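Here are my notes for you to read with the model open beside them. Take the points one at a time and find each part on screen as you go.

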Amino acid sequence: MAARSVARRAAGTVVHRATIVFFLAFAVFPFYWMVVTSFKQNADLYVGATNVAHNPFIFNLPPTLDHLRILFGQTLYLTWLRNTLVVGLLVVGITLLLAVPAGYSLARLTGRWGERLSIGIFLTYLVPSTLLFIPFSRLVSLLGLQNSLWSLVIIYPTFTVPFCTWLLMGFFKGLPKEIEESAMVDGCSRAGAIWRIVLPLAVPGLLTVVIFALTLVIQEFVYSLTFISSVQRMTVSVGVPVALVRGDVYYWGSLMAACLVTSVPIAIVYSFFLDRFIAGFTVGAIK
Amino acid sequence: MNTTTVSAAPVLHAGQTIRRADRRLGVFMLAPALLYITLLVALPFLLALFLSLTNSSAGSLEFSFVGLQNFKNVVASPVFRRALRNTFVFTFVSQAAVMVLGNVLARALMRPFFGKTLARFVILMPWAAPISLATLGWLWIFDSTFSVINWLLKVVGWLGPGQWYYWLGDTTLGMVAIITIHVWRMLPFSTVILLAGLTSIPNEVREASAIDGAGTLARIFQIEIPMMRPILTVAVLFGVVFTFTDMSVVYLLTRGGPYNSTHVLASLAFQDGVLGGDVGRGAAVAIFLVPVLVVLAIVMLRSSRRAEVV
């Protein structure tokens with residue numbers, strides 16, 4: 001009996017380990033493939049999968065930095081990165097200006113109708129870019145902003161503001177009311193209490209919003225593809241897949257290097273803030 | 001009697017003025033965000049509806065009303081019907097797979113093991129990476145000449161001499177590839193949400209079910225999954241929204257090909273409305289996303305209300 005239960009537990013552990021390994025392999029494989037491709041010599045890279053004797057998973061020739069050198073030296077990758085960051089920072093600024101007051105207002109000052117309104121604001125996050133890019137393309141050409149990064153600065157907050165307002169509302173609700181109330185008893189105005197007491201306490205929440213808005217901007221593809229046509233003004237997520245491919249020729253080494261260099265830092269930063277994002281999605285469903 | 005009302009009045013009055021000032025401040029603080037959302041989400045949404053009723057094109061700002069003509073043309077087109085079907089197939093199959101795999105993975109992550117923090121980070125990567133760049137990675141994996149999958153299949157003998165899979169040149173294989181990417185990308189998101197649901201189930205529930213003689217399967221299917229229903233709903237809803245409305249994967253992987261057989265609504269709307277310049281038609285295609293989104297929004301509202309009541 002005891003031996004059987006020990007055997008069962010051992011089998012359970014093996015199954016558990018195997019499950020974890022399987023999912024890890026599935027998740028990481030494309031990234032592993034990016035790493036291998038980024039550092040392989042072309043002679044090692046373009047062999048063709050029909051050659052069974054040539055194992056593509058390992059370096060058959062010594063690794064090389066050529067692809068990275070091409071990416072940083074001969075392509076507009078750094079320009080795209082700069083464009084993305086400029087747009088990102090402006091969007092973060094706009095998002096904070098709009099979402100912080102709105103989040104606080106919904107958490108503290110509006111009562112019952114504010115609660116309904118907050119759900120309405122959250123639902124606008126569900127209106128997809130693939131529905132709005134057509135009307136936006138009209139608006140953008142009316143405003144004369146075709147092929148300008150300003151079009152992205154104006155439009156990107158449409159997806160950052162709703163979700164960030166929602167996140168911040170939850171965050172402000174989590175702060176004890178007594179803090180502002182005692183400040184107001186001591187002669188502070190409501191606005192003064194928000195500025196001097198609430199905002200400093202809300203720094204972790206604000207940081208989450210900054211990171212969230214920034215990652216959303218870096219990930220965005222549809223609007224950027226629709227509105228930006230000249231290669232110098234592209235953002236990373238469009239420049240790499242659209243402009244690094246010259247005609248029909250794919251420079252896979254540099255392409256994968258660009259994917260890797262862009263994705264990994266975002267993934268690292270994102271993972272630190274993940275729990276807060278998930279809390280934003282699951283408000284109400286977990287207690 | 002008289003004195004009590006007099007003494008009560010100033011207090012009430014003071015309370016009201018603070019409230020009124022707060023309310024004014026509240027409206028003032030909310031107005032910019034609300035104005036922005038109205039101008040740049042609500043109005044464009046209406047503009048999309050409006051454009052779908054016109055023959056508006058990318059070249060000029062002139063247009064005239066054509067009624068439901070765009071919708072008639074769109075529905076009559078086999079490419080559109082194929083795209084509509086694909087959108088549902090991709091969403092349904094990938095979300096079904098994500099739900100099964102996500103439950104398995106979330107359970108596996110509940111147990112302590114060596115390197116759990118790192119494992120969690122790695123499992124999360126597909127969701128954090130920009131979708132266009134991740135799809136590019138998969139494009140290389142599915143490459144017609146250099147596909148590593150084909151190499152593996154050759155080595156294990158699945159593909160005999162002369163046999164070959166053209167992943168993106170074949171409708172069925174292309175659909176398999178697209179679904180694979182959707183599963184790969186959405187799995188971390190659902191897993192993390194499900195994990196939050198699993199950890200919120202108190203341990204006493206598990207202990208009590210063990211004392212009452214419930215086996216593992218009975219516990220999972222009769223106790224834990226029913227308890228996790230609200231959180232499962234959240235995971236499915238967002239998973240469906242993100243998959244149903246996505247165009248990046250199809251656009252970058254197959255461009256809707258071969259022969260427009262792997263298009264989804266979003267990528268077809270882009271092809272017709274932006275690349276093809278037929279704004280009215282593109283808008284009409286995209287409008288077909290709306291009914292599903294409305295249903296999802298209603299389900300979401302209902303479940304959030306239920307969560308508040310219970």
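1. Start with where the two chains meet: 81 residues of chain B and 78 residues of chain A take part in the contact. Keep in mind that this is a predicted model. On chain B's side, helix H1 (residues 2–51) is the biggest giver, with 17 residues. Sort the side of chain B that touches chain A by class and you get 63 nonpolar, 13 polar and five charged residues.

2. Now look at chain A by itself. It splits into domain 1 (2–64) and domain 2 (77–281), and the C-alpha centres of these two domains of chain A are 35 Å apart.

3. How many residues of domain 1 of chain A are in contact with domain 2 of chain A? Seven, and they meet six residues of domain 2 of chain A. On the domain 1 side, helix H1 (2–39) and helix H2 (42–45) of chain A each give two or more residues, with H1(A) supplying the largest share, four residues. By class, that side has three nonpolar, three polar and one charged residues.

4. Next, the largest nonpolar core, which has 149 residues. Leu253(B), Leu265(B) and Ala286(B) are the ones touching the most other members. Helix H7 (residues 171–199) of chain B brings the largest share, 13 residues.

5. Finally, zoom in on Leu265(B). Skip its neighbours within four places in sequence, and its contacts are Ala83(B), Leu84(B), Thr87(B), Val285(B), Ala286(B), Phe288(B) and Leu289(B). Ala286(B) was also named in the point on the core.

Key:
Residues numbered from 1 in each chain as written. Chains lettered and ligands numbered in written order. Predicted model: local features only at pLDDT ≥ 70, side-chain atom pairs only at ≥ 80, totals over all residues. Nonpolar A, V, L, I, M, F, W, Y, C, P; charged D, E, K, R; others polar. Domains from an automatic or database assignment. Core = buried A, V, L, I, M, F, W, Y, C linked by C-beta atoms within 7 Å. Buried ≥ 20, exposed ≤ 12 C-beta atoms within 10 Å, placed from the backbone.
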